[in-house]
Amino acid sequence: MNLKAFARGIRYASSRLRKMSFPASPAKASLCCEESPEGAPPTYAMYEALKDSCQNNATYFQPDDSENGQRLYQGFMTLLDHIDTVWPLVDHVRKVAPLYDFDNKSPGNGYRSFVSVVDSCVLHGLKLSRQVCTGRDALLFRKGYFVKEIESCSQLLASLGTCLHHLQTLLSWAPPGELFPTEPHSPEELFAQADTINQYCFYGRCLGFQFLPSMRGILKGISICMAGFSEAYYSQGNLISSVWTGGQYLIDPEMRARRIVNISQSASVEFCKAFWFLAESEIMKRVPSLMSSTVAVNKIITIPPEPLVVTTLEGKEVTFLPPTVHIGLQGLNVRLISVNKRIGMTDEGTSTLPPADGVLFHCHGGGFVAQSSKSHETYLREWAAKLNMPILSIDYSLAPQAPFPRALEEVFYAYCWMVNNFEKIGTTGKRIVFAGDSAGANLIASCTLKILNAGLRPPEGLFMAYAPLLVSFIPSPARLLCLMDPLLPFGFMMRCLKAYASPNPKGKEDKSANKELTGSNATTPVDGNGFLRVSPSQEGTSEGPSSFEEVSPSDLAELQAHKSGSERRKSSDTTISAASLQSEHTATGVTPAEDRSQQLMADFLDRYVLDSDTDSEGRRIPIIKPNLKNQDDSHRISEAATGIMGAMSSRLAYITGSNSIVRPSQEELAVRSNLDALIARSPSDEFIFSVPRDPLLSPFWADDQLLKRFPPVRILSVHLDPCLDDCVMFAKKLKGLGNEVGIDVLEGLPHGFLNFSLMAKEANEGSKLCLERIKQLFDLDKNSTTSAEPL
């Protein structure tokens, strides 16, 4: 009789818990600190519901003598313990997080982000626990599956509890409203305050739990590809083996988690470059033309390395040298994208359409080490169509071959060239707006500083997406998000920063180069940055001559000595010579090996997938073969598989054998082929290096007097971005100086979401919001408010 009453009690409690409704995962960071409307359950209700559900399941499985039954019992009891530990910690952070927002209309900061991550974990655990409650009496209930899921969720909550301990320390290091410590504190000191964070739980069964459902599959696929690609990369390009192992990473989340964490800790920046450059493969290059807006102009222009004479705002003519730092004189590639041909456009024949009044000057992201304007074309085409203005995107040189300040010098040089050649790109230049994402956003902000300091015409506005504006690992709550980020893991981020920001090994210094950019009132939160240490001897230094210094006649003579007679003859005719309008492969320096792999991929697409048609203006456009499904499937699939495997093998052989990527030695291969042996290795020693205290590297440190002259700024970030605190604090600084600035922070999207605008609805909506903010900058009302309207 008692057993029947007990069973009825369990069934009643289960039905009561199932009836309670909670928001779908992930939890919204913008609402995680708000009081719930009357009638809706308060935030703590879902924590109580998870405790009740876990207790219910633990009671149910306690009498179960099977191994999985006892593991389920222990799993739920452990989850209960972690909830009791985490609840008071997250509750404290929840109460103070709103103090760090930019304003009431734009809630967002790293503390909010972590609260939402913990809430998302609770929602994930509640969903699992309810599934167990619902199905545990079923004949086909999979105990083994739920054992692993519950144990993974318990480990996840435990790791988040450790992160919350770190947040308590960060709160004590800075006053309310400041996301960066005001006293010297290093990451080593932070991590010494609590246990080591177990990163494996973030990349296994729970991978992507904090992101929108539309992004989870994409992130999981990318993680599996990363793990599989590492097999091929470190085994000299054995594609068949990597495909087989990739299948194992699909069905074994724990194996995938170990591999990804160890890759993050041990893989070189060359691996990061090689993996991210897969987005540049021929098959990916065809995606924009198939799925994005059709554009009439999409070409590479090579700017020859010659002096440019630019008129300042005061009417003075100043000559600027082309960049020479690190890699010497080279032509600079820029991509021109326009939905229409316009009068004056170079090499576009005749057109009756007048030049546009505006132009968007764009810099792509990629961690300063990878990608190009081509890999960002998916959203640039849409922007060009909606803006009906030309876009000029800069293919700057990449680290580590071309570290700071090479990329910045090239972006500044491209701007100087653009203001002298508006007609050639189809614009009157009445309004110029800068746009950039990630590393590109850093470059356009730094370029604006150079423009202001040189006395040139500044842009009418800046749009920056998820921008790293303080290039150092100063501890902050958002910085800790990289410990669980599938796209930007801690090791990847640190290696990219080190590749770009590492000091000049020759020790050359020019302390006067950026003197005017760093006044005595520049914000400098710390003198030493732990993993990224600021070298006092390198404050405000950059290798090579400053781009905005006036050029002497001797400099011009020396520059001309580097140019052949034919180059001098061409430069005397026009800035854009006939030789400059090269094909894209030639302009970007594709080697014969890569050209062959791209040709194989193109042959495969042309033979099996793509056909061509002609649009209303007579242009040839690719389309999917209409009769593809009507062909002999088995024969076609066999041939297609052979073709694509050959193309991919060739591509992979190029990546692992290219001169641009340093191949590991036999000893390194022997170690790296078994990355699991490095589980306990600490990466901190590798990441101790110096970073110049230079506002051109970290615009956040720029002098207030210079920042006051900044044009209107629109910043867009995401709650789960390790660079979120950079964006919030930079926006606060501009707002405090009286500048016009607005910030949007989006929910559930990862850093770099613009590259997925064709794959996920929410990412596409985020791209549209970026476009709206850019439109505001082109037609900005001087009387508009200082804060952008939230999404």
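User: Where is Ser 351 found?
Analyst: This is a predicted model. In it, Ser 351 is found in the loop between E4 and strand E5 (356–363).

User: Is Ser 351 buried or partly exposed?
Analyst: Ser 351 counts as partly exposed, at 22% relative accessibility. Buried would require a value under 20%.

User: And which residues does Ser 351 touch?
Analyst: Leaving aside residues up to four places away in sequence, Ser 351 touches Lys 341, Arg 342 and Ile 343. The C-alpha atoms of Ser 351 and Asn 340 are separated by 9.2 Å, and these two residues are 11 residues apart along the chain.

User: Which residues lie on each side of E4?
Analyst: Leu 332, Val 334, Leu 336 and Ser 338 are on one side, with Asn 333, Arg 335 and Ile 337 on the other.

User: Which strand pairs with E4 over 7 bridges?
Analyst: Strand E1 (residues 297–303) does, in the antiparallel sense. Within that pairing, Val 334 in E4 stands opposite Ile 301. E4 also pairs with strand E6 (residues 391–395), in the antiparallel sense over 5 bridges. There, the bridge partner of Val 334 is Ile 394 in E6.

User: In what order do the strands of the open sheet run?
Analyst: The open sheet is formed by 8 strands in the order E1-E4-E6-E5-E7-E8-E13-E14, and the pairing is mixed. E1 and strand E14 (741–746) are the edge strands, each pairing on one side only. From one strand to the next, the twist averages 20 degrees.

User: In what sense do E5 and E6 pair, parallel or antiparallel?
Analyst: E5 and E6 pair in the parallel sense, over 4 bridges. Leu 360 has Ile 391 in E6 as a bridge partner.

User: Changing topic to the aromatic residues: how many aromatic pairs are there?
Analyst: The count comes to 24 aromatic pairs. One of them joins Tyr 47 and Trp 87, whose ring centres are 5.5 Å apart with planes at 25 degrees, so the pair is stacked. This pair links distant parts of the chain, since Tyr 47 belongs to helix H2 (residues 44–61) and Trp 87 to helix H3 (residues 67–96), 40 residues apart.

User: Are Tyr 47 and Trp 87 buried or exposed?
Analyst: Tyr 47 is buried, with a relative accessible area of 2%. Trp 87 also counts as buried, at 18% relative accessibility.

User: What about the rings of Phe 180 and Phe 700?
Analyst: Their centres are 5.7 Å apart and their planes stand at 75 degrees, so the pair is edge-to-face. Phe 180 is in the loop between helix H5 (143–173) and helix H6 (187–191), while Phe 700 is in the loop between strand E12 (689–691) and helix H23 (704–707), 520 residues apart. Phe 180 is buried, with a relative accessible area of 2%. Phe 700 is buried as well, with a value of 4%.

User: Which residue lies over the face of Phe 700?
Analyst: Lys 733 does, at 5.0 Å from the ring centre. Elsewhere, Arg 142 lies over the face of Tyr 145, at 4.3 Å from the ring centre.

User: Which residues form one aromatic cluster?
Analyst: Phe 229, Tyr 233, Phe 271, Phe 275, Trp 276 and Phe 492 form one such cluster.

User: How do helix H10 and helix H16 cross?
Analyst: The axes of H10 (residues 269–276) and H16 (residues 490–501) come within 9 Å and cross at roughly 105 degrees. That makes H10 roughly perpendicular to H16. Val 269, Phe 271, Cys 272 and Trp 276 of H10 make the contact with Phe 492, Arg 495, Cys 496 and Ala 499 of H16.

User: Finally, what does the secondary structure of the chain come to?
Analyst: The chain has 25 helices and 14 strands. Of its 791 residues, 58% count as buried. Among contacts with a separation of 6 or more, 83% are accounted for by residues 24 or more positions apart.

Notes:
Residues numbered from 1 in each chain as written. Predicted model: local features only at pLDDT ≥ 70, side-chain atom pairs only at ≥ 80, totals over all residues. Heavy atoms only, no water. Buried < 20%, exposed > 50% of the residue type's maximum accessible area, 1.4 Å probe, protein only. Helix = DSSP H or I, 4+ residues; strand = E, 2+ residues; numbered from the N terminus. Pairing = 2+ DSSP bridges. Phe/Tyr/Trp six-rings, centres within 6.5 Å; stacked < 30°, edge-to-face > 60°. Lys NZ or Arg CZ within 6 Å of the ring centre and 35° of its normal. Contact = heavy atoms within 4.5 Å. Axes fitted to C-alpha atoms, helices over the stretch in contact; angles between N-to-C directions. Parallel < 35°, antiparallel > 145°, perpendicular 65-115°, else oblique.
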